[in-house]
Amino acid sequence: RTVLVLNGPNLNLLGTREPATYGHETLADIAALCSRTGAELGFETDFRQTNHEGELIDWIHQARGRSNGILINPAAWTHTSVAIRDALVASELPVIEVHLSNVHKREEFRHHSFVSAIAVGVICGLGSHGYRLALQHFNQLFSQE
Ligand code: DQA
């Protein structure tokens, strides 16, 4: 089994980007955490980041029938993109939405997500631990199949 782990724009800057909000961990650290967690649980993680919305959409299309679930931190596209939501629906895969920061205690424009209503669940505010928790939940979903 494989979980596709997708990261949206600006997350490549983690570690140096607004550390008070996003912490000091880099995206490479989170990628390592995901691959370790996947190995522990017995599945593959395919970890990716892009600053190009169309590229993310292409990856979601390709996941259909190939991956078993999508963990996504859509970053700023969370709050703007109907296209990403539609692609996730078209993938017919279970989706878990993750945010490092607690978007609900931040600006009003971060309170709405186009993805949440089509996700299995949403984790926010727990930093990189949210990625680990989401992968553990996928493991639980897989063991019920
Ligand atoms: C984020 C929250 C978004 O509002 C923001 O645009 C991001 C990161 C998070 O992980 O906390 O880029 O998705």
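Me: Hi! Leaving aside neighbours within four places in sequence, which residues is tyrosine 22 in contact with?
Reply: Hi! Tyrosine 22 is in contact with Leu14, Arg17, Leu100 and Ser101, where contact means that the C-beta atoms, placed from the backbone, lie within 7 Å. Before we go on, this is a predicted model: local features need pLDDT of at least 70, side-chain atom pairs count only at pLDDT 80 or more, and totals for chains, interfaces and linings use all residues. Residues are numbered from 1 along each chain as its sequence is written.

Me: Thanks. Where does tyrosine 22 lie?
Reply: Tyrosine 22 lies in helix α1, residues 19–22. Helices (H or I, at least four residues) and strands (E, at least two) are DSSP runs, numbered from the N terminus.

Me: And why does tyrosine 22 count as partly exposed?
Reply: Because it has 19 C-beta neighbours inside 10 Å. A residue is buried if 20 or more other C-beta atoms, placed from the backbone, lie within 10 Å of its own, exposed if 12 or fewer, and partly exposed in between.

Me: Which residues does the UniProt "active site" annotation cover?
Reply: The unreviewed UniProt entry puts that annotation on Tyr22 and His99. They are spread over 78 residues of sequence but cluster in space, with a largest C-alpha distance of 9.5 Å. UniProt positions are in the numbering used here, feature names are shortened, and annotations may be inferred rather than shown by experiment.

Me: OK, histidine 99 then: buried or exposed?
Reply: Buried, with 22 other C-beta atoms within 10 Å. Histidine 99 sits in strand β4 (residues 95–99), and leaving aside neighbours within four places in sequence, it is in contact with Asn73 and Cys124.

Me: New topic. What surrounds the ligand?
Reply: Asn10, Asn73, Ala75, Ala76, Thr78, His99, Leu100, Ser101, Val103 and Arg110.

Me: What is the phi of asparagine 10?
Reply: Positive, about 75 degrees, although asparagine 10 is not a glycine. Most residues other than glycine have a negative phi. Asparagine 10 is in the loop between β1 and α1. Alanine 75 also has a positive phi, of about 50 degrees, and its place is the loop between β3 and α4.

Me: Now the core. Which residues touch the most other members of the largest nonpolar core?
Reply: Of its 27 residues, those are Val5, Ile70, Leu71, Leu88, Tyr131, Ala134 and Leu135. A nonpolar core is a set of buried Ala, Val, Leu, Ile, Met, Phe, Trp, Tyr and Cys residues joined through C-beta atoms within 7 Å.

Me: Where is tyrosine 131, and what does it touch?
Reply: Tyrosine 131 is in helix α5, residues 129–144. Not counting residues up to four places away in sequence, it touches Ile30, Leu33, Cys34, Leu71 and Val98. Tyrosine 131 is buried, with 25 other C-beta atoms within 10 Å.

Me: Last one: what do the buried residues of α5 pack against?
Reply: They pack against β1, α2, β3, β4 and β5. The buried residues of α5 are Gly130, Tyr131, Arg132, Ala134, Leu135 and Phe138.

Definitions and conventions
A residue is near a molecule or strand if its C-beta atom, placed from the backbone, lies within 6 Å of it. Two residues are in contact if their C-beta atoms, placed from the backbone, lie within 7 Å.
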